[in-house]
Structures are given as C-alpha cells and as structure tokens.
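Thanks for coming, everyone. I'll take you through a helix and a strand. Please look at the model first.

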Amino acid sequence: MDKGKLKRATEKYWNSSKNNDYDVYLNEYVCEKKDMLDGNSLMEAELEWAKENGCITTKHSETLVLLVGFSLEPLLQSVWVHKPEKIALLLNEEGYLGEEWQVFAQHLIKAIRNLKANGFEGSKVKLLGDKSLAEPGYPTKGDPASVFNTLVYILHDEKDVVIDITGGKKSMVTGAFMYAAYAGARISYVDFEEYDPEKRRPYGFGCK
C-alpha cells in the first residue's frame with residue numbers, strides 16, 4: 001500500500017465528511033471500495049498499512065467495551081482489530097452535540113452493522129444493551145464512580161473483556177481504569193503517529 005495514496009484518500013474523505021452526516025461518511029469510510037486503494041475501503045487500507053508496519057499487536061477479545069466520544073473512526077478500527085463476539089457501547093447520558101445519547105449511538109451501531117455486511121471476520125458480533133431499551137448501548141453519567149458502577153453492571157457475566165478508552169473523556173477513562181484494576185480487564189487505546197498540522201487530525205493509517 002502506497003503511503004502517498006493513503007494520505008490523498010484520507011484528505012478526500014475529510015473533505016467529503018464536511019458536507020455529510022455521520023451515517024453517510026462512516027458508510028464511505030467502512031464500505032466504499034477505492035481504486036486508488038487497490039479495491040479496499042479507506043478503513044481496510046489503513047489497517048492493512050498498520051499491520052504491515054507492525055503497529056497492530058493486540059489480540060481477539062470476547063467482549064469489547066467502547067467508551068464513545070465524538071470521533072468514531074478509531075472505535076471502528078478497534079472493532080475490526082479485536083474481532084469481538086460482543087460489543088458494549090458506553091455513552092455519556094448528557095448527549096452529543098445536541099443529540100440524545102441513544103440517537104448518537106445509532107451512528108456507531110449502523111457503522112458496525114455495515115462492517116458486518118462488508119466481510120468483517122467477526123460478522124456474528126452481538127451488540128449488547130439494557131433489556132429495557134429498544135436499541136443497544138448503555139448510558140452513564142460522566143463521573144468515575146458512575147462509569148465504574150455501570151461497567152460492573154454490564155460486565156458481571158462477561159469474560160475476556162477489553163475496554164477501549166479511546167473515545168472517553170478523562171473522567172470516564174478514570175472510571176474505566178478503576179474497573180479494569182478491580183476486574184483484571186484489559187485496556188486498549190488507539191493512538192496515532194502522524195497528524196495533519198493544519199487540520200489537526202490524525203491520519204488513520206498511522207494508528208497503533
């Protein structure tokens with residue numbers, strides 16, 4: 001995979017995302033095959049590059065918890081890499097940019113379902129949620145104690161748990177670390193080695 005092509009494809013994706021809603025541009029990110037990327041979607045090409053360059057070392061998990069923030073692409077990368085059997089989305093009950101938490105959750109839920117329809121190896125992955133709610137996901141207050149208690153509630157019967165803290169704000173991350181120390185769960189974080197200095201956005205292929 002050519003790094004220059006990856007950069008150009010990423011910049012085109014950024015430009016298209018300015019004019020579209022989450023669902024449209026996340027579908028492009030996950031599903032749209034690009035000739036310039038050897039017939040891969042941008043996400044597939046990013047992760048191929050990262051794997052070839054030794055930047056992906058994590059292993060499969062049975063249950064993956066995602067702390068959901070505003071940037072969803074790294075969470076989708078985490079899903080693809082961990083290939084979990086179950087996914088639990090942890091969201092701030094206060095909402096996101098004017099959207100209620102359950103409305104915002106739908107953007108990520110749709111993208112994960114697009115992964116399943118796009119040849120994702122973990123195509124039988126189950127999205128977890130409270131039985132009293134119509135759709136997957138768990139709301140929580142943003143303070144550490146609330147996050148800790150929510151994770152105890154969600155994960156009391158789960159095994160081989162990985163908690164991805166990439167999208168969480170600091171108070172949520174603190175609660176996640178408290179739970180991981182208590183339960184012996186693994187913590188995962190998607191970091192990036194290369195950023196666009198003007199847009200101050202990371203190039204997805206630089207993930208590790």
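Start with a pair: Leu67 has Leu90 in β2 as its bridge partner. A word on the basis. This is a predicted model, where local features need pLDDT of at least 70, side-chain atom pairs count only at pLDDT 80 or more, and totals for chains, interfaces and linings use all residues. Residues are numbered from 1 along each chain as its sequence is written, and side-chain values use heavy atoms, with hydrogens and water left out.

Helices (H or I, at least four residues) and strands (E, at least two) are DSSP runs, numbered from the N terminus. Strands pair if DSSP finds at least two bridges between them.

Now β1, residues 63-67. β1 runs parallel to β2 (residues 86-92), with five bridges joining them.

Are the faces of β1 buried or exposed? Buried, meaning under 20% relative accessible area with a 1.4 Å probe, protein chains only; exposed is over 50%, partly exposed in between. Thr63, Val65 and Leu67 cover one side, Leu64 and Leu66 the other, and all are buried.

Next, α2, residues 22-31. Seven of its 10 residues are buried, so α2 is largely enclosed by the rest of the structure. Among them are Tyr22, Tyr25 and Tyr29. What covers them? The cover includes α1 (3-17), α3 (42-52), α4 (73-82) and α5 (101-117).

Note on methods. Contact = heavy atoms within 4.5 Å.
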